Amino acid sequence: MSKEIYERLAKEFPESSLDYLEGKDPAISVNADDLFEMALHLKEKEGYDYLSAVTGVDYPDRFEVVYHLYSMRERKEPLILKVSASKEEPEVASVTPIWPGANFQEREVYDLVGIRFAGHPKLTRILLWEGYEGHPLRKDFPIEGHRAIGQEEPS
Amino acid sequence: MQRMETGLRTETITVNMGPQHPSTHGVFRMIVTLDGETIVDLEPVMGYLHRCQEKIGERNTYLQNIPYTDRLDYICSMSNNMAYVMAVEKLAQIEVPERAEYIRIIMVELTRIVNHMLAIGALLNDLGCFFTPMLYGLRERERILDLFEMASGSRMMCNYMRFGGVRYDLPPSFMAELKSVVAALPAFIDEFERLLTENEIVLVRCRGVGVLPPEKAIAYSCTGPLLRASGVDYDIRKVDSYSIYERFDFDVPLGRNGDVYDRYLVRIGEMRQSLRILEQAIEGIPEGEISVKLPRVFKPPEGDVYHRIESPKGELGFYLVSDGSTNPYRYKIRSPTFINLTVLPELCKGHKVADVVAILGSIDIVLGEVDR
Amino acid sequence: MTEEEYIAEQVRRNVIITTIDKIYNWGRRSSVWPMGFGLACCAIEMICAAASRFDFARFGMEMMRPTPRQADLMIVAGTVSNKMAPQVVRLYDQMPEPKYVLAMGACAISGGPFKDTYNVVNGIDTYIPVDVYVPGCPPRPEALIEGFIKLHQLIEGQTILTSPWYRKEAEREMPVPTLGPKGLVLPGEDE
């Protein structure tokens with residue numbers, strides 16, 4: 001199923017570099033610059049109107065944002081999009097204008113993993129407080145937090 | 001309502017509700033901007049119960065994560081267990097024996113009834129009838145918690161499901177007790193309905209409040225009773241059927257207007273449908289094994305999966321990335337109540353302050369899941 | 001009856017001789033009003049303890065006030081996170097004396113299963129003094145009621161002569177931590 005959509009997308013956007021990733025949940029890997037137009041095309045022409053989850057992952061060589069899309073009306077299988085971002089300045093286009101349900105999820109990815117979303121209406125921390133240093137779900141952040149680096153517990 | 005043009009300069013006032021508030025279902029804070037008593041803007045602030053579950057998930061092994069899933073949505077621990085365990089079974093391709101599937105369905109449907117009882121009790125608590133409907137709901141909930149204790153040893157944090165089945169088999173007295181609970185529950189739901197459904201105060205305070213049109217519900221990624229009360233027929237047990245749900249015959253209650261009253265009716269309807277499923281499961285449960293034998297050191301193959309179930313609050317999903325070692329590389333929880341809250345400011349604009357509490361109660365949040 | 005017998009009869013019926021402490025403590029322990037600070041999962045077991053099966057209204061405690069100004073006992077039920085800790089301490093400061101704190105559940109005692117992570121306080125006794133600890137995850141409602149009985153025994157053992165709340169030099173206000181860039185910071189501390 002996703003193979004056909006991948007082929008249709010490749011025909012629609014011939015200049016962008018798409019990739020089909022095999023696995024238990026096959027996915028389509030998309031370039032960060034083409035994400036917004038492709039997302040708009042998927043919602044309006046292919047009927048993927050329900051965005052289920054937005055996840056940020058910290059790999060050793062890159063950051064990745066994974067989108068799980070479903071279609072409410074036609075009960076198709078999920079469509080999974082994977083977008084890579086660089087380690088130094090991770091930034092991806094926000095899909096909140098297309099699917100408003102991505103609002104809080106993108107804020108959470110920014111808060112915990114540190115990927116910025118360009119075009120988000122209000123990109124602030126949501127689970128931790130403003131002014132906190134560091135992004136906890138990155139692999140170089142210790143689970144004890146900043147306690148591991150010298151701050152004593154007051155007694 | 002007509003505003004009087006008096007030439008007075010008026011200002012909006014900002015009111016802070018929570019985090020310690022009797023009606024916010026936990027530590028949840030809302031910053032409400034009011035013009036008189038009408039809401040102009042609402043900003044939810046969360047994170048007061050952020051317990052670092054996703055980072056802990058990466059530190060633990062796969063098996064050690066199961067008790068932590070109990071504490072996500074702490075009212076429905078069996079559903080959370082089931083969602084995580086099924087995600088790992090999809091990753092490692094483990095088959096589950098028949099009897100274990102039936103036991104899981106029985107536990108999950110009992111959890112659905114428990115959750116809806118508490119949700120309706122809490123909603124009515126917030127509307128003002130302090131504690132009477134809650135006491136009714138809690139009385140029946142205690143009987144179901146006794147069943148959980150019989151099977152798993154604990155009332156709330158059951159930690160009952162394992163990869164490939166369940167931990168303990170049902171004790172001999174369980175089925176008799178389950179049959180008597182299932183026989184007594186329809187009368188209780190009728191009593192609840194008689195008390196509340198035609199009640200004048202409930203009708204006036206809930207009809208027409210917090211209306212959510214279906215297109216908006218889909219655009220804002222709402223799931224669960226919130227979505228079905230707006231008329232969208234999307235229940236993951238029917239659409240994307242998992243476990244053995246296609247063997248059972250049940251309906252999906254839908255609402256028409258998408259207001260608070262419809263969400264209350266959808267929850268009552270779902271309780272009745274869960275009873276139907278329970279009756280069929282009691283008839284059909286076979287004898288047999290309850291789990292499969294797994295290696296001592298459990299290392300699933302590399303890859304990533306996303307598995308979702310219909311928990312009582314909406315679509316609960318787990319996205320797991322495995323790098324072939326004993327711990328997950330990325331452990332992500334798709335939490336239904338966190339995403340359902342995206343629509344809260346839209347629902348509340350134009351209503352009065354007193355309606356905020358009713359609308360929040362009808363979305364039915366649990367902070368352990370919102371903040372993880 | 002003679003006059004002496006009459007007076008003796010009346011005294012036996014209407015006059016009780018006891019100590020001030022006993023009456024004072026009996027009044028206080030029979031109607032402790034809790035301020036339920038339901039943070040997380042333990043809050044559900046606290047609500048069950050208040051409901052009809054494990055009723056704690058038998059101990060005079062069913063008035064669970066949401067406001068700290070009218071409460072005697074603060075039940076900290078659930079995990080205290082870094083973001084929430086300043087609120088907990090501020091509410092403790094707002095309670096009038098004599099006041100008690102009951103830490104319910106493993107998370108309030110020492111951080112519980114979420115100990116030593118970046119957003120969880122390792123036990124509420126880092127910031128406020130605790131009188132009774134009720135262990136469990138979550139503790140059963142019967143365990144919570146046993147905690148209340150221990151609290152009643154504690155109250156009965158106190159005396160006005162040496163009680164802290166009538167003394168001038170007692171420590172009244174616990175310092176409220178603030179949210180710094182790396183975690184919680186107490187006032188007057190370097191980062």
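Visitor: Let's start with the largest pocket. Which helix gives the most to its lining?
Guide: That is helix 4 of chain B, with 6 residues. Helices (H or I, at least four residues) and strands (E, at least two) are DSSP runs, numbered from the N terminus.

Visitor: Before we go on, what kind of model is this?
Guide: This is a predicted model, where local features need pLDDT of at least 70, side-chain atom pairs count only at pLDDT 80 or more, and totals for chains, interfaces and linings use all residues. Residues are numbered from 1 along each chain as its sequence is written, chains are lettered from A and ligands numbered from 1 in the order in which they are written, and side-chain values use heavy atoms, with hydrogens and water left out.

Visitor: Back to that pocket, then. How much space lies in it?
Guide: The largest pocket holds about 1200 Å³ of space. A pocket here is an open set of points on a 1 Å grid over the protein atoms alone, where a 1.4 Å probe fits, with protein on both sides within 12 Å along at least five of seven lines; lining residues have an atom within 4 Å of a point. Grid points are joined across faces, edges and corners, and a volume is the space filled by probe spheres set on the points.

Visitor: Which residues lie nearest its centre?
Guide: Pro22(B), Asn125(B), Phe131(B), Met134(B) and Ile47(C) do, out of 43 lining residues. The lining divides into 27 nonpolar, 10 polar and 6 charged residues. For these classes, Ala, Val, Leu, Ile, Met, Phe, Trp, Tyr, Cys and Pro count as nonpolar, Asp, Glu, Lys and Arg as charged, and the others, Gly among them, as polar.

Visitor: And the second largest pocket, what volume does that have?
Guide: About 690 Å³. Its lining has 30 residues, and the closest to its centre are Lys90(B), Asp240(B), Ser241(B), Tyr242(B) and His307(B). By class, that lining divides into 11 nonpolar, 7 polar and 12 charged residues.

Visitor: Switching topic: how many residues of chain A and chain B are in contact?
Guide: 39 residues of chain A are in contact with 44 residues of chain B, contact meaning heavy atoms within 4.5 Å. The two chains bury about 3600 Å² between them, 58% of it on carbon and sulfur atoms. Buried area is the accessible area (1.4 Å probe) that two parts lose on being put together, summed over both.

Visitor: What about salt bridges there, how many?
Guide: The rule finds 4 across the interface of chain A and chain B. A salt bridge is a side-chain nitrogen of Lys or Arg within 4 Å of a carboxyl oxygen of Asp or Glu. The side chains of Lys139(A) and Glu58(B) meet in one, at 3.0 Å, N to O.

Visitor: Which strand supplies the largest share of chain A's side?
Guide: Strand 3 of chain A, with 9 residues of the side that touches chain B.

Visitor: And chain B with chain C, how much do they bury?
Guide: About 2900 Å² between them, 64% of it on carbon and sulfur atoms. The contact takes 32 residues from chain B and 33 from chain C.

Visitor: How many salt bridges between those two?
Guide: The count is 4, including one between the side chains of Glu45(C) and Arg155(B) at 3.0 Å, N to O. On chain B's side, helix 5 gives the largest share, 8 residues.
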